[in-house]
Amino acid sequence: MALKNTSFLQACAGERPARTPIWLMRQAGRYLPEYRAIRSNISFFDLCRTPELCAEVTLQPINRFGLDAAILFSDILVVFDAMGAKVDFTPAPVIESPVRCRADVDRLTFGDPATELGYVFDAIVACKKALDERVPLIGFCGAPFTTLSYLVEGKGSRDFQHTKTMMFGEPLLFGQLMESITTVLIGYLKQQIASGVDALQIFDSWAGALSPADYRTHVLPHLRRLCEEVRGTVPIIMFARGNANLLSTVSELPADVLGIDWSIGLGDAIDVVGPKWVVQGNLDPMTMLGSREGVRKKTLEILRTGQRAGGHIFNFGHGISRYTDPEMVKFLVDTVHAYVPETAGAS
Ligand code: CP3
C-alpha cells in the first residue's frame, strides 16, 4: 500500500510538491475539545501508555483539518520508562528523583527501549492502521540535551542551574550521561522506524539554554551520533529551539530538515543555513490568538520566503497554544493549501 498524500515526504526530500505541506507541533492536544473529552477520563501518562487512545488522539487533528502529516501522540518524557526514572504529571512533568551526581547516574538502568517502551511501538502500529495511508506518521524523541536536562533539573527550569553545574563542574559525568541517553534514543528511534513511522523529529526544546560554543562542545557530537546511526530509511527533522544563534552549528548535522523556531525571520534563517537546506517553520503560534488577517499576512510571508529554501514545510515555530481556536487552525491550513507560488504561473 502506498501513501495517498506524499507532499510532506516530498518536501523532506527537497522536492516542491504542488502545495506546501503543513503540520503543526502539538497538533493533537488541549486546544481540541475532543482531546479534552478523552483527557477528562485518564491521566496524561496513562493516555500515552494506551495505544488505542494514542491512535484516536493522533487522528483527531487529521480528521478535522486535512493536515499533511500526523505526529504520534506521546511525549518526549516517556523514554524515562527505559531509564528507570519516574516521571509524574502535576500538571506539568516532574521527575521523582532528579539525577545530580555519580550515585544518581549509577542508579539509572538504561534498558532496551524495544522491550521497555512497547506501548509506544504498539501506538505507532495502531496509528498506521487508523491512518490507512492517508498521510505519513511522524515519530519523535527529545534530543539528548533536552532529555538530560529534564532528568537533572527534575522539571522545567529558567537558568538550568543543576544541568550546568554538572556540565561545567563534572564534564566527564555529563558526557557519560549524554552518551548513555543517546544510546537509548538511538534504539528508541530505530524501533520507531521498525514499527512504521515515516519520518522522525528530534526536539531539542531546551537548546537555547546553552551558548553556541558550549552547544558545539557538549551537545553536537552526541546529536551527530544520533543522526548518523538513525538516518537512512526515513527523513530526520532536527528542531533546536530557543537560540537562533545555534542555527549555523545545528546545520552541520546530517539531518534532512531543519526546524526553525519563531525567534528569527525565516529569510534570515535561510541566509544562515544556506539555500540547500529544507526548512520547517516558523509562524509564532501565538499569532493564532490574534486576527485572521494577521495570520493570513504572516503565513503568506513565510510561504513566499520558504520558496528560497531547498524545500519548505509549513509549521509553527513552537507548539500550538492551548488557547487556540480550532477554527483558526482550519483557516491556517486552508490558507497554506491555497497558496500558489508567484513564480509558478509567471510567464
Ligand atoms: O505534537 C504533538 O501533537 C504530539 C505529541 C507531543 C506532546 N508533547 C504531547 C503533550 C509532543 C511531540 C510533545 C513533545 C514535548 N513534550 C516537548 C518538546 C516540544 C516542546 O514543546 O518544546 C517537551 C518539552 C515535552 C515535555 C512536556 N510535556 C511538557 C513540558 C508538558 C507540560 C506543559 C504543556 O505544554 O502542557 C507536557 C505535556 C504534554 N505533552 C501535553 C501534550 C498534549 C499536555 C498534556 C495535557 O495536560 O493533556
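Me: What do the buried residues of helix 8 pack against?

Reply: In this predicted model, the buried residues of helix 8 pack against strand 3 (93–95), strand 4, helix 9 (161–169), helix 10 (171–195), strand 5 and helix 12. Contact here means heavy atoms within 4.5 Å. Helices (H or I, at least four residues) and strands (E, at least two) are DSSP runs, numbered from the N terminus.

Me: What makes helix 8 "mostly covered"?

Reply: A residue is buried under 20% relative accessible area, exposed over 50% and partly exposed in between (1.4 Å probe, protein chains only). In helix 8 (residues 144–153), 10 of its 10 residues are buried, including P144, F145, Y150 and E153. Just after helix 8, G154 takes a positive phi of about 90°.

Me: How do you know that strand 4 and strand 5 pair?

Reply: Two strands pair if DSSP finds at least two bridges between them. Strand 4 (residues 137–142) and strand 5 (residues 199–204) have five bridges, in the parallel sense, and therefore they count as paired. Within this pair, F140 stands opposite Q201 in strand 5.

Me: Which helix packs on the sheet by touching strand 5 and strand 6?

Reply: That is helix 12 (residues 220–230), which touches strand 5 and strand 6 (236–240); its direction makes about 175° with that of strand 5. Axes are lines fitted to C-alpha atoms, for helices over the stretch in contact, and angles run from 0 to 180 degrees between N-to-C directions. Helix 15 (residues 292–306) also packs on the sheet, touching strand 8 (278–283) and strand 9, at about 155° to the direction of strand 9.

Me: Why are strand 1 and strand 9 said to stand at the edges?

Reply: The open sheet has seven strands in the order 1-4-5-6-7-8-9, with parallel pairing. Strand 1 (70–71) and strand 9 (311–316) each have a single partner strand, so one side of each lacks a neighbour in the sheet.

Me: How do you know that the radius of gyration agrees with a compact globule?

Reply: The radius is taken over C-alpha atoms, and the globule rule is 2.2 Å times the number of residues to the power 0.38. For 347 residues a compact globule would have a value near 20 Å; the protein chain has 19 Å, which agrees. Of these 347 residues, 57% count as buried.

Me: Which conventions apply throughout?

Reply: Residues are numbered from 1 along each chain as its sequence is written, and side-chain values use heavy atoms, leaving out hydrogens and water. As this is a predicted model, local features need pLDDT of at least 70 and side-chain atom pairs count only at pLDDT 80 or more, whereas totals for chains, interfaces and linings use all residues.
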